[in-house]
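Subject: Structure for your files, with notes

Hello,

Here is the structure I said I would pass on. My notes come after it.

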Amino acid sequence: MTRGIARLISLTTALALMLTIGAIAPAAAADAPVTRANGAEKYALKLLNCTRTGGWVKADGTCLGRFSGKYSGKRKPLRLHKKISNKASWPWARTITVAKACEHGLSGKPDLVQRMRTAGATYWRYGENIGCGGGAPKWLVLATHRMMQAEKSYNGGHWKNMKNGAFKSVGIGVATSGSTTMVVYDFYGRLY
């Protein structure tokens, strides 16, 4: 497969993936500030690597069988890619929060390729998962993760991204404004 075709397939898959948990709740006030939920980002990585290594995240957020391969094929844990988190994932989470749009792309805004390039990602293998909804950041991260994990039964796109052995690292951004929370996972085929 040529690099261009593989990139197109990767982008098509990434852009086709979207998860919405209920309707996006309006911000408490029109000018509610957008803040970064660093603790929720760390929590998201913990949940992601539970599932990635063959474990299963329960409704209370605990992990059964981490590193066991018991619930699905065992993959190496993803490493947090700080540059992608800070220059692609978090800025996109903030952008879609301000726009009140749970989208992989918005008219007039950088697309996934541009966002990854801005973060220094020159390798073509990447993907994106997004979760959006109302609720506290940690709760939304858990709900989003469990919905993506549930795609195991039909091998859905979010599940495929989480379990893709070609991905080595991930950028994570969680933005909150009023009662709205957005989580962005940008998967990357290299460590740094």
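The notes below go from the whole chain to single elements and residues.

This is a predicted model, in which local features need pLDDT of at least 70, side-chain atom pairs count only at pLDDT 80 or more, and totals for chains, interfaces and linings use all residues. Residues are numbered from 1 along each chain as its sequence is written, and side-chain values use heavy atoms, with hydrogens and water left out.

Overview

The mean pLDDT (the predictor's confidence in each residue, from 0 to 100) is 86, and 84% of the residues reach 70 or more. Over residues 1–29 the pLDDT stays under 50, and the model has 66 contacts for this stretch beyond four places in sequence; a contact means heavy atoms within 4.5 Å. Where pLDDT is low, the predicted coordinates should not be read in detail.

The protein has six helices and eight strands. Helices (H or I, at least four residues) and strands (E, at least two) are DSSP runs, numbered from the N terminus. Their order from the N terminus is α-β-β-α-β-β-β-α-α-β-α-α-β-β. Of the 192 residues, 50% are buried, where buried means under 20% relative accessible area, exposed over 50%, and partly exposed in between (1.4 Å probe, protein chains only). Among contacts between residues at least 6 apart in sequence, 72% join residues at least 24 apart.

S7 covers residues 169–177, and nine of its nine residues are buried. Ser169, Gly171, Gly173, Ala175 and Ser177 point one way from the strand, while Val170, Ile172, Val174 and Thr176 point the other way.

Which strands pair with S7? Strands count as paired if DSSP finds at least two bridges between them. S2 (residues 35–36) runs antiparallel to S7 over two bridges, with Thr35 opposite Thr176. S5 (residues 79–80) is parallel to S7, again through two bridges, and Arg79 stands opposite Ser169. S8 (residues 180–188) is antiparallel to S7 and joined to it by nine bridges; Gly171 stands opposite Asp186 in that pair. S7 and S8 form a hairpin with two residues between them, and Gly178 in the turn has a positive phi of about 60°.

Nonpolar cores

In soluble globular proteins, nonpolar side chains tend to be buried together. A nonpolar core here is a set of buried Ala, Val, Leu, Ile, Met, Phe, Trp, Tyr and Cys residues joined through side-chain atoms within 4.5 Å. The largest has 22 residues, and those with the most contacts inside it are Leu48, Val141, Val170, Ile172, Val174, Tyr185 and Phe187. Helices H2 (38–52), H5 (137–149) and H6 (157–163), together with S7 and S8, each supply at least two residues of this core. H2 gives the largest share, seven residues. Apart from this core lies another, of 12 residues, among them Ala101, Ile130, Ala175 and Met182.

Not counting residues up to four places away in sequence, Ile172 touches Arg36, Glu41, Ala44, Leu45, Leu80, Ser85, Ser89, Val184 and Tyr185.

In H2, 11 of the 15 residues are buried, including Ala40, Tyr43, Leu45, Leu48 and Arg52. The 15 residues of H2 should span 21 Å at 1.5 Å a residue, and the end C-alpha atoms are 21 Å apart, which agrees; the expected span is 1.5 Å times one less than the number of residues. Just after H2, Gly54 takes a positive phi of about 100°.

H5 has 13 residues and reaches 18 Å from its first C-alpha to its last, close to the 18 Å expected. Its buried residues include Pro137, Leu140, Val141, His145 and Met148. Pro137 and Ala40 are 97 residues apart in sequence, with their C-alpha atoms 5.9 Å apart in space. Beyond its neighbours within four places in sequence, Pro137 is in contact with Ala37, Ala40, Val174, Thr176 and Thr181.

A buried glutamate

Glu128 lies in strand S6 (residues 126–134) and counts as buried because its relative accessibility is 0%. Its side chain makes polar contacts with the side chains of His104 (2.7 Å) and Arg115 (3.0 Å). A polar contact is a pair of N or O atoms within 3.5 Å; within protein, one must be able to donate a hydrogen and the other to accept it, and residues adjacent in sequence count only if both atoms are side-chain atoms.

Regards
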